[in-house]
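Good morning, everyone, and thank you for making the time.

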Amino acid sequence: MSATSEWVTPPTRPELIESLVSGVDRYNPSNVGILEDYLYHQIRSREYDCLANLAILKLYQFNPDLYNPDVVVNILVKALASVPFPDFNLSVALLDDRASNANMEEPDPLPGLLPFLNNLHSLLQQCRFPAFWALYRSDALESLRDNYTVEVVGFEDSIREVALRAVRATFQKIGRKRLGSYLDLEGSDLDEYVARLGWRSDTSTGVIEVPQNPDNQIASTVVQEDIKLPQLTKVISHAISAV
């Protein structure tokens with residue numbers, strides 16, 4: 001199954017959710033609880049279903065009284081790990097300005113967190129992984145870590161997978177220190193992580209070999225044009241007549 005097919009229809013999506021996402025029932029506000037429960041299942045199980053989560057945001061658009069800021073933040077947190085796919089931007093595009101929502105019993109955390117989440121997403125898109133980890137670990141995002149990402153099983157490892165995709169596509173060899181800065185790991189934690197990947201590490205030089213793949217191999221391409229003599233004659237004749 002291709003990456004696009006898995007994005008449209010994840011193999012872990014239950015039949016009930018498939019019927020909601022694919023049919024007109026996705027706009028039925030009475031189904032929002034089912035979709036929210038499915039989101040929290042994704043959080044606990046490391047599964048991910050972008051279209052189901054977008055359906056929640058669309059229901060919030062049509063039914064502002066259903067709006068749950070914690071659900072929205074969790075959707076955006078899960079979408080961060082989808083880079084380079086456009087899931088995060090698609091989710092943000094469905095958000096309304098709710099900072100002045102007077103019906104909420106507690107302050108809405110989304111307006112304060114959204115700029116930081118946008119910054120985190122931009123850093124991932126730009127492959128600025130050390131800067132991502134520095135911002136994520138900062139005091140400014142303590143509430144995000146303590147209230148949201150701590151609940152998302154495997155969140156940090158899913159971000160490391162984003163970094164690994166970039167490393168696999170770019171490097172044949174990479175320094176141990178640089179890889180550690182991309183993964184926010186050092187010492188024995190980094191050694192164990194690299195060992196699980198099956199990558200070879202030279203302890204004497206501190207260089208880690210990235211396995212060969214179609215993206216990190218340099219291959220020369222020979223372009224050969226086959227021009228028939230009559231075609232060349234026409235070109236020359238046209239050039240002479242134009243002088």
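This is a predicted model: local features need pLDDT of at least 70, side-chain atom pairs count only at pLDDT 80 or more; totals for chains, interfaces and linings use all residues.

Residues are numbered from 1 along each chain as its sequence is written, and side-chain values use heavy atoms, with hydrogens and water left out.

The chain has 13 helices and three strands, where helices (H or I, at least four residues) and strands (E, at least two) are DSSP runs, numbered from the N terminus. Its radius of gyration is 24 Å, well over the 18 Å that the globule rule gives for 243 residues, so the chain is more spread out than a compact globule. For those new to that rule, the radius is taken over C-alpha atoms, and the rule itself is 2.2 Å times the number of residues to the power 0.38. Along the principal axes, the C-alpha atoms fill a box of roughly 80 × 60 × 40 Å.

How much of the chain is buried? Buried residues make up 37% of the 243 residues, if we take buried as under 20% relative accessible area, exposed as over 50%, and partly exposed as in between, with a 1.4 Å probe and protein chains only. As for contacts, meaning heavy atoms within 4.5 Å, residues 24 or more positions apart account for 64% of those with a separation of 6 or more.

Now to the core. A nonpolar core is a set of buried Ala, Val, Leu, Ile, Met, Phe, Trp, Tyr and Cys residues joined through side-chain atoms within 4.5 Å. The largest one here has 65 residues, and Leu117, Leu120 and Leu144 touch the most other members. Helix α4, residues 50-62, gives the most to this core, with nine residues. If we leave out residues up to four places away in sequence, Leu117 touches Leu76, Val77, Leu80, Phe88 and Leu144.

Next, please look at helix α10 (residues 155-170) and helix α11 (residues 176-183), whose axes come within 9 Å and cross at roughly 140°. Axes are lines fitted to C-alpha atoms, for helices over the stretch in contact, and angles run from 0 to 180 degrees between N-to-C directions. The two helices are therefore oblique to each other, given that angles under 35 degrees count as roughly parallel, over 145 as roughly antiparallel, 65 to 115 as roughly perpendicular, and the rest as oblique. On the α10 side the contact is made by Arg160, Ala163, Leu164 and Val167, and on the α11 side by Leu179, Tyr182 and Leu183.

Ile208 is buried, with a relative accessible area of 1%, and its contacts beyond four places in sequence include Leu179, Ile174, Val194 and Trp199.

Helix α6 gives us a pair to set side by side, with Asp87 and Val92 both placed in it. Leaving aside residues up to four places away, Asp87 touches Trp7, Tyr48, Cys50, Ala79 and Ser82, while Val92 is in contact with Leu76, Leu114 and Asn118.

I will end with the backbone. Most residues other than glycine have a negative phi, and most peptide bonds are trans. Against that background, the bond from Val83 to Pro84 is cis, with omega near 15°, and Pro84 sits in the loop between α5 (69-80) and α6 (87-93). Arg46, which is not a glycine, has a positive phi of about 70°, and its place is in the loop between α3 (32-45) and α4. Asp184 likewise has a positive phi, near 60°, and is found in the loop between α11 and α12 (187-197), where Asp184 is partly exposed with a relative accessible area of 29%.
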